[in-house]
Amino acid sequence: MKYAIIGCGRISDLHLKAAVECGLEFVALCDRHAEKAEIRRSALAEPEKVNIYTDYIELLDKEKPELVAITTDSGDHAKLAIDCIKRKINVIIEKPIALSMVDAREIVRLAKEMDVCVCACHQNRFNKSVIAISEAVEEGKFGKLFYGTANVRWERDKDYYDLDTWRGTWHGDGGALMNQCIHDIDLLRWLMGSDIDEVFAYTDNQKHPYIEAEDLGVALVKFSNGAYGVIEGTTNMYPDDFEETLCIFGKYGRVRAGGSSVNTIEEWTFADESVHPEDIKKQTHENPPNVYGFGHSALYKDVCDAIKNHRPPYITAEDGMRAVELVLAIYKSAAEGRPVKLPLNDCATTDFIGRFDNK
C-alpha cells in the first residue's frame, strides 16, 4: 500500500515507525521545511525510494498514495484531510481532526461520500488497559454508569511553546484541553456513552501569558444516559508532569487507569469477581517511554485491515468529531458563563480569539 506522511514534526516519528511495522510502501514525505523531511527519510531502510516535497498538493497528484498520515500543526489538519479525501485517498489524521465543527462535519461527510477510510488518531483506545475497561462497559460489569473522570495534570513551559509558532494559538492549536487533554476527553466520552446533553465549564490562563489559549480547564458533562463526567486538564503542574488518570464508576464497579498514557490499571473492583484484580493489572500493564504510548502500531494495523476489507476503522472520523465537539463546548461554556447544549452548530477555536488578552 503506497503511503506518505504530510508533516515531519516530532509526532511523525511514531507514525513512521508504525508504518514500517505494517510493511507500508513509503513513497513520499512532505514538510514546509525540507530539512525536516530529510531527517525522517534518513531513518528509512531505503531512503532513495522516498521522494521529498514541500508542496503537499504536488505530492498527492504525482505520487497518488493510497494512505496518507497528516501530522502537521493542528490548524492545518482539516484542510489537508479534505484535500486528500476529495482525491479518494485514505487518511489517518492526528488529533484533533479539526478546530471547527464546520470542518469536522465536512470531513465526516466527505469520507462517506467518497467512500474512503478516515481514522482519527486517538491511539490510546488501543491501550490494553483501555480495551479491558471498554470490554467491562460492553459486558455490563459496571451496571448503571454513574460518572467518570478524566484528569491530565501536566507541565508545559515556555521552551515547549517556543518550539513552534502555532502552539497555544487559537488559529493553530487551542490550549491544554484541545492539545494535551483531548485523548482523555475522547476516552471519557466514548466509554460513558458518547451522547451528551449539556456541558458547563471554566477555563483560564493562569501561568502562560505568552500563549493565547487556556492552560487550565475544568468541566462538568451531563450524558444523555444519566451519567456525569468530570474533566480537569492543565499544563500548570510544578515542576513537571504529575498524572494522567481516567476513572469510571458504576453501580457494581469502579476502575482507575493511570500511568504515562492511561496504560496502567491502578484500581479494578467489581461485584463480578470472575477476573482477579491483580491478574487484570498484570495482563494489561504497559510501560511506554513517553505520553504517546504504544497505540500507533495497533492503530495502523487496524486502518490497513479496514482498507483491505472495506470496513470502518476502529476509530472513525465521527469519533474524532465528537472529541473536538466536547472541547469546543467546554470553550463555549466557559466563554459565555452558562451551560451549553449539544450538539454544537458552528463553533471554532477562532471564536475565542482575545479570550485571555487582559490576563
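Trainee: What should I know before I start?
Mentor: The model is predicted, so local features need pLDDT of at least 70, side-chain atom pairs count only at pLDDT 80 or more, and totals for chains, interfaces and linings use all residues. Residues are numbered from 1 along each chain as its sequence is written, and side-chain values use heavy atoms, with hydrogens and water left out.

Trainee: Strands, then. Which way do the side chains of strand S4 point, and are they buried or exposed?
Mentor: Leu67 and Ala69 point one way from S4 (residues 67-70). Val68 and Ile70 point the other way. All are buried, meaning under 20% relative accessible area; exposed is over 50% and partly exposed is in between (1.4 Å probe, protein chains only). Strands are DSSP E runs of at least two residues, and helices are H or I runs of at least four, numbered from the N terminus.

Trainee: Why the two directions?
Mentor: In a regular strand the side chains alternate between the two faces of the sheet.

Trainee: How many bridges join S1 to S4?
Mentor: 4 bridges, and the two run parallel. Two strands pair if DSSP finds at least two bridges between them. Alanine 4 stands opposite valine 68 in S4. S4 is also joined to strand S5 (residues 90-94) by 4 bridges, again parallel. There, valine 68 stands opposite valine 91.

Trainee: New topic. How many aromatic pairs are there?
Mentor: The count is 13. Rings of Phe, Tyr and Trp (its six-membered ring) pair if their centres lie within 6.5 Å; planes under 30 degrees apart are stacked, over 60 edge-to-face, the rest tilted. Tyrosine 3 and tyrosine 300 have ring centres 5.9 Å apart and planes at 70°, so they are edge-to-face.

Trainee: Where do those two sit?
Mentor: Tyrosine 3 is in strand S1 (residues 2-6) and tyrosine 300 in helix H10 (residues 295-309), 297 residues apart. Both are buried. Ring pairs link Tyr3, Phe26 and Tyr300 into a cluster.

Trainee: Which charge lies over the face of tyrosine 160?
Mentor: Arginine 156, at 5.5 Å from the ring centre. The rule is NZ of Lys or CZ of Arg within 6 Å of the ring centre and within 35 degrees of the ring normal. Lysine 158 has its charged end over the ring of tyrosine 210, 5.4 Å from its centre.

Trainee: Last one. Where is valine 230, and how exposed is it?
Mentor: Valine 230 is in strand S10. Valine 230 is partly exposed, at 31% relative accessible area.
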